[in-house]
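Colleague: I would like to learn how to read pockets, ring pairs and charges in a model. Can we go through one together?

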Amino acid sequence: MCIAAQLSIGNDILHAAEAVDPAEAAEAAVIKDAATEQAREREINASEDPSTKREAEIQKGASRWLDDPNVLNPYGSARLRYRDNNGDSGWGDGGSRAGVSFRYQAIPRYWLTFRYEAGFNLFTRASYLLDPGASAGEGDNSDIFTRLLYLGLETPHLVATLGKNWSTYYKVAYFTDRFEGTGGSASGTYNAGTDGGPTGTGRADNVLQSRFYIDYFPDGWGIKPFNLNVQLQNNEPIPNTDYNYGTTAGFSAIIDTHKDFTVGIALNWADVPDNELAELASSGIDDDAVALLVGSKWLGERWYTGLTVSRLLNQETTDENIYFDGSGVELYSQYQVKGPWWLIAGLNALVPDKGQTQAGEYKVEYGIIGARYSIDGFRKMFYFNARFDNGRLADGTALGNTYTIGIRWDLDKKFNWRPH
């Protein structure tokens, strides 16, 4: 290559480099970081567990803990829907709730917390088969019921609570429990026609929990503080029976990267006393209840996807309240088409093991597509879901497709004052 040509190429490279304005590049980086942070905030607000946002703040470090104010936060969420399934249609609640949370700094870096949250079925009671997450819980037929009620202690690296609270298992299950008015059928979260309270996989009853944040990864690894969660229950009723579990223990571990990719594993074990097994055989229970869940989630500025895979033993029941062993998978994805418009898609599938004859022809198998018009992240939205169902009841009855339109409208008010 001649010297003139080399000089020409060199000049082109130099001019291209000079064309990149450092100020513009810095501004573009700031805009991108703001968009990414907005996406993270959006997904946090979409979680059913209201403590998710606080836990995200904890991960940002302990430097703000002395300056954070005390907070009293009344809040509510109106969730109404119109649903049609094979001509059976009507308006109903889709998980409406109202509550209050409180945080008070008792001594520097130590916060006392309280939360009470009530659910409402003022239009119709939620249908477990179509929306298990909105279930009031086994045996609760009231129009107003307790969803959450707990006391807690927060420190920069530990959150401990006692009462009725979202489980350690749900820390992974929520990766895919994101549909409005449906979903959550294949992870084992809302098992046996309940809200997961007695077994400890959903909104766990009378549970003692500890959630740790361990920051031991080197900075260059790009991994946020490791999240380890432990819970214990005792002597809770076995759903749809006259017997009780012994000790119930739950564990979950979450690793979250700065690239917004997360992996998690959750295990919940509920002891069935040996002297009860003979009496429980007619219910399909032949051993302890075990729920294992592995999941991942990944988000970008305009998209989110989550996947969970479950292994469930003596955990889930058919529509006839017969327990079975099986495996499940849930997938949830969303994509921002333009402005407030989002497309939603995913599936739920839960199949009994071969040889589980007591389950009959029961299976969970459906795909979902839908759209959202979102306001203020996902705190306010109008939505449409079409659930294409290939599931069956134990006697072989096909469930049929379900079409839902609805609204979610979250409101809250925070009252802050500085610790003395």
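Modeller: Start with the largest pocket, which holds about 900 Å³ of space. Its lining counts 42 residues, and P50, K53, N73, S101 and R115 are the closest to its centre. Keep in mind that this is a predicted model.

Colleague: How is empty space found in general?

Modeller: A probe the size of a water molecule is rolled over the atoms, and this shows where space is left empty.

Colleague: Which strand gives the largest share of the lining of the largest pocket?

Modeller: Strand β1, residues 70–85, with six residues.

Colleague: And what is the lining like by class?

Modeller: There are 20 charged, 12 polar and 10 nonpolar residues in the lining of that pocket.

Colleague: Now the aromatic rings. How do I describe a pair?

Modeller: Two values do it: the distance of the centres and the angle of the planes.

Colleague: How many aromatic pairs does a search of the whole structure find?

Modeller: The search finds 16. One of them is F179 with Y332, at 4.8 Å centre to centre and 75° between the planes, which makes the pair edge-to-face.

Colleague: Which parts does the pair of F179 and Y332 tie together?

Modeller: F179 lies in the loop between α4 (170–173) and β7 (203–214), and Y332 in strand β13 (residues 323–338), so the pair ties together parts 153 residues apart in sequence.

Colleague: Are F179 and Y332 buried or exposed?

Modeller: Both F179 and Y332 are buried. Take F388 and Y403 next: this pair is also edge-to-face, with 6.4 Å centre to centre and 80° between the planes. F388 is in strand β16 (residues 380–389) and Y403 in strand β17 (residues 402–412), so the parts tied together are 15 residues apart in sequence.

Colleague: Where do ring pairs link up into a cluster?

Modeller: At W166, Y170, Y174, F175 and Y190.

Colleague: What about charges over rings?

Modeller: Look at R372: its charged end sits over the ring of F378, 5.0 Å from the ring centre. K413 lies over the face of F415, at 5.9 Å from the centre of that ring.

Colleague: One more arginine, R387. Is R387 buried or exposed?

Modeller: R387, in strand β16, is buried, with a relative accessible area of 4%. Its side chain makes a polar contact of 2.9 Å with that of T182. Another, of 3.0 Å, joins the side chains of R387 and D389.

Note on methods. Residues are numbered from 1 along each chain as its sequence is written. This is a predicted model: local features need pLDDT of at least 70, side-chain atom pairs count only at pLDDT 80 or more; totals for chains, interfaces and linings use all residues. Side-chain values use heavy atoms; hydrogens and water are left out. On a 1 Å grid over the protein atoms alone, a cavity is a set of points where a 1.4 Å probe fits but cannot get out, and a pocket is an open set with protein on both sides within 12 Å along at least five of seven lines; lining residues have an atom within 4 Å of a point. Grid points are joined across faces, edges and corners, and a volume is the space filled by probe spheres set on the points. Helices (H or I, at least four residues) and strands (E, at least two) are DSSP runs, numbered from the N terminus. Ala, Val, Leu, Ile, Met, Phe, Trp, Tyr, Cys and Pro count as nonpolar, Asp, Glu, Lys and Arg as charged, and the others, Gly among them, as polar. Rings of Phe, Tyr and Trp (its six-membered ring) pair if their centres lie within 6.5 Å; planes under 30 degrees apart count as stacked, over 60 as edge-to-face and the rest as tilted. Buried means under 20% relative accessible area, exposed over 50%, partly exposed in between (1.4 Å probe, protein chains only). A charge sits over a ring if NZ of Lys or CZ of Arg is within 6 Å of the ring centre and within 35 degrees of the ring normal. A polar contact is a pair of N or O atoms within 3.5 Å; within protein, one must be able to donate a hydrogen and the other to accept it, and residues adjacent in sequence count only if both atoms are side-chain atoms.
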